[in-house]
Amino acid sequence: MPGPDTAGAPVPPPSAPGPDGEPGGRTSIAEQAVAKVAAIAARAVPGVFTLGTGAGRTLGAVRDAVAGSDSSATAGVNVEVGETEAAVDITLVADYGVPLTGIADAVRAAVYTAVEDLVGLNVVEVNVSIADVHVPDALDTRAVKRQPGTGQDQHA
């Protein structure tokens, strides 16, 4: 006798098992989902100031405001997704003082791990482009001007 929770509810037929005995069916993972996972993994790497470029972030903010989308979550990340594989391109701005090749290697490793573990796709490549280096205001040489003829620095 069915319990109160199942009274009148149709019981779906079980999925036909596939060739390996697992339930049949198809899983489709959108590029946007893979891009978000990759972006979160890349942002978590020490030395990554932000993803994308300055112009790209500005354009994304305008697009988000007008369209109400959330493209800033995946700014600087492009993915190509197949049925079982993914390729990821990351563009980022690094913090000054952190070795750039070290950041690129750490981002690559983090993205590989996150996409393979969380999404279940085989990552064939992660390309990292460092578009700029963020220099804190205290180190920005444009904030210091030389007084002509004195050899002394004067802060602007």
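Select Thr-74 to begin, and display what surrounds it: leaving out residues up to four places away in sequence, Thr-74 touches Gln-32, Ala-35, Lys-36, Ala-39 and Arg-43, where contact means heavy atoms within 4.5 Å. Before going further, note that this is a predicted model, in which local features need pLDDT of at least 70 and side-chain atom pairs count only at pLDDT 80 or more, while totals for chains, interfaces and linings use all residues. Residues are numbered from 1 along each chain as its sequence is written, and side-chain values use heavy atoms, with hydrogens and water left out.

Thr-74 is found in the loop between helix H2 (54–67) and S2; helices (H or I, at least four residues) and strands (E, at least two) are DSSP runs, numbered from the N terminus. Thr-74 counts as buried because its relative accessibility is 10%, with buried meaning under 20% relative accessible area, exposed over 50%, and partly exposed in between (1.4 Å probe, protein chains only).

Next, select the strands, where two strands pair if DSSP finds at least two bridges between them. S2 and S3 run antiparallel and are joined by five bridges, among them the one in which Asn-78 has Asp-89 in S3 as its partner, and a hairpin of three residues connects S2 to S3. S1 also pairs with S3 in the antiparallel sense, over three bridges, and here Val-48 stands opposite Ala-94 in S3. S3 and S4, by contrast, pair in the parallel sense over 11 bridges, and Glu-85 can be found opposite Asn-122 in S4.

Of its 28 residues, Val-77, Ile-90, Leu-92, Val-107, Val-111 and Val-115 touch the most other members. The elements that give two or more residues to this core are helix H1 (31–43), strand S1 (48–51), strand S2 (77–81), strand S3 (85–95), helix H3 (100–119) and S4. Centre the view on Val-111, which, leaving aside neighbours within four places in sequence, is in contact with Ala-38, Ala-41, Ala-42, Val-88, Ile-90 and Val-126.

Finish at Val-135, in the loop between strand S4 (122–134) and strand S5 (144–146). Val-135 counts as partly exposed because its relative accessibility is 32%.

Definitions and conventions. A nonpolar core is a set of buried Ala, Val, Leu, Ile, Met, Phe, Trp, Tyr and Cys residues joined through side-chain atoms within 4.5 Å.
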